[in-house]
Amino acid sequence: MAAACCRWPPSDRRDEAVRKAAAGPLDWPGFLRLGRRHGILGLVHDSLKRAAVAPPASIADDIAAAAKRIARSNLIAVHEIVRIQRLFGEAGATILFVKGVTTGRLAYDNIALKQSWDIDALVGEDDVAAALTLLERAGYKMVTPLPALTHRHYATWIKFARECELRHDNNRLVVELHWRLASNPKLLRGVTAASPSRVVPLCDRSGARTLHDDDLFAYLCVHGAEHGWFSLRWLTDVAALLAASDEATIKRRLAHARSLGAQHCVAQALLLCHTLFEIPSIAALAADLRRSMRYRWLEKVALTALSSESAGNNKSLWDPIRVSHFFLGRGWSHLLWEIRLKMTSLHDRSTLELPSGLAFLYPLLRLPLWFARIARRRHAQVRPLP
């Protein structure tokens, strides 16, 4: 039912799929919980209305209320994006907006349907300090502060992290400031704030600048793959963009992703979209991709995550999503970077400052320091008897 509601664009075929799914035994309260968990209630409300499917009254009221909240939240985000972009423009600084309402506008030609938790912005690595100053001037404060620009660990944070989070004092909006779009620098090679971009119209004569089409598509696939696609709303955005593309365009996007080191992430997305949304233009390509054992396994990992209530919260080293990271890129350089990322803790570097010449010890200390943190937490939970 959720997959049927998330098909795009609206069509008689989608309406029939929604009506067919609603006609069978359907746990409406469970469906509502699933819609909230995946952040798709804006699309659900639109599809149920178009298909003339009426849920139980209380469920319909909850879905309609959620859709209104999403639309209102997105309008607030649009206002903030335009304000931030104007502030950066006046300072002569470059900023791009990825995901969120800009992607919603491109995918659905509507800013009111896609649910977003925050504003994702991209700046250059060398411009992070200046960007933080501008955002603080706009009323945002860092949730977890970065080391000071003059601190010797600042360069380490920039190298091993890719983003920081800021929250507005009044409206509580969150900005995720990115200086790199993938955890592993071998993915999305060369895609930066200086990459080709385009303006997405948002309201009146105002718009927001985002990555150009093929770079943006590759990024959306990498973002979903790094998180195991545990949220259906990410895949729905990709599927909506694919539905508007012919087979030649999709093959071009896959070839472009190969040049960025992101081919496997895009292939995984294509298989998932074929399985869940039955997009005709990718049927032949999906059949070719399924000959690869790697792609079949990556699809299975994502489908399991999509159907799991706890996907994304598993911090185990053997979590299938974490293991899948090793199979998302190509070559030894990707694998070595993944090992380095898995064995490097920014928390360790912040709490235990080793001299620069001993920095190679951090991976060796990762496990003992982790056990020490667990022991401290358990000790803090012990309370003396009265």
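In helix α10, the buried residues are Leu 232, Arg 233, Trp 234, Leu 235, Thr 236, Asp 237, Val 238, Ala 239, Ala 240, Leu 241 and Leu 242. Buried here means under 20% relative accessible area, exposed means over 50%, and partly exposed is in between, with a 1.4 Å probe and protein chains only. That is 11 of the 12 residues of α10, so the helix is mostly covered. Helices are DSSP runs of H or I with at least four residues, strands are runs of E with at least two, and both are numbered from the N terminus.

On sources: this is a predicted model, in which local features need pLDDT of at least 70 and side-chain atom pairs count only at pLDDT 80 or more, while totals for chains, interfaces and linings use all residues. Residues are numbered from 1 along each chain as its sequence is written, and side-chain values use heavy atoms, with hydrogens and water left out.

Back to α10. It covers residues 232–243 and spans 16 Å from its first C-alpha to its last, close to the 16 Å expected at 1.5 Å a residue. The expected span is 1.5 Å times one less than the number of residues.

What does α10 pack against? One partner is helix α9, residues 213–226: the two axes come within 10 Å and cross at roughly 150°. The α9 helix is therefore roughly antiparallel to α10. For the classes, angles under 35 degrees count as roughly parallel, over 145 as roughly antiparallel, 65 to 115 as roughly perpendicular, and the rest as oblique. The axes are lines fitted to C-alpha atoms, for helices over the stretch in contact, and the angles run from 0 to 180 degrees between N-to-C directions. The crossing of α9 and α10 is left-handed, meaning that the near helix is turned anticlockwise from the far one by less than a right angle; clockwise would be right-handed. On the α9 side the residues are Phe 217, Leu 220, Cys 221, His 223 and Gly 224, and they meet Trp 234, Val 238, Leu 241 and Leu 242 of α10. Contact means heavy atoms within 4.5 Å.

The loop between α9 and α10 holds Trp 229. Its phi is near 55°, a positive value in a residue other than glycine. Most residues other than glycine have a negative phi, and most peptide bonds are trans. Trp 229 counts as buried because its relative accessibility is 0%.

As for α12, 12 of its 15 residues are buried. Its C-alpha atoms span 21 Å from first to last, close to the 21 Å expected. Just after α12, Glu 278 takes a positive phi of about 50°.

Next, α5 and helix α7, residues 128–137. Their axes are 10 Å apart and the packing angle is about 125°, which means α5 is oblique to α7. This crossing is right-handed. Ile 84, Leu 87 and Phe 88 of α5 make the contact with Ala 131, Leu 134, Leu 135 and Arg 137 of α7.

Two other residues of α5: is Glu 80 buried or exposed? Glu 80, in α5 (residues 57–90), counts as buried because its relative accessibility is 4%. Leaving out residues up to four places away in sequence, Glu 80 touches Ile 119, Tyr 140, His 168, Asn 171 and Leu 173. Lys 68, also found in α5, has 60% relative accessibility and so counts as exposed. Between Lys 68 and Gly 42, 26 residues apart in sequence, the C-alpha distance is 8.0 Å.

Last, the loops. A cis peptide bond joins Trp 8 and Pro 9, with omega about 5°; Pro 9 is in the loop between α1 and α2. Asp 109, in the loop between α6 and β2, has a positive phi, near 55°, and at 58% relative accessibility it counts as exposed. Pro 196, in the loop between β5 and β6, also counts as exposed, at 54%. Beyond four places in sequence, Pro 196 touches Leu 211, His 212 and Asp 215.
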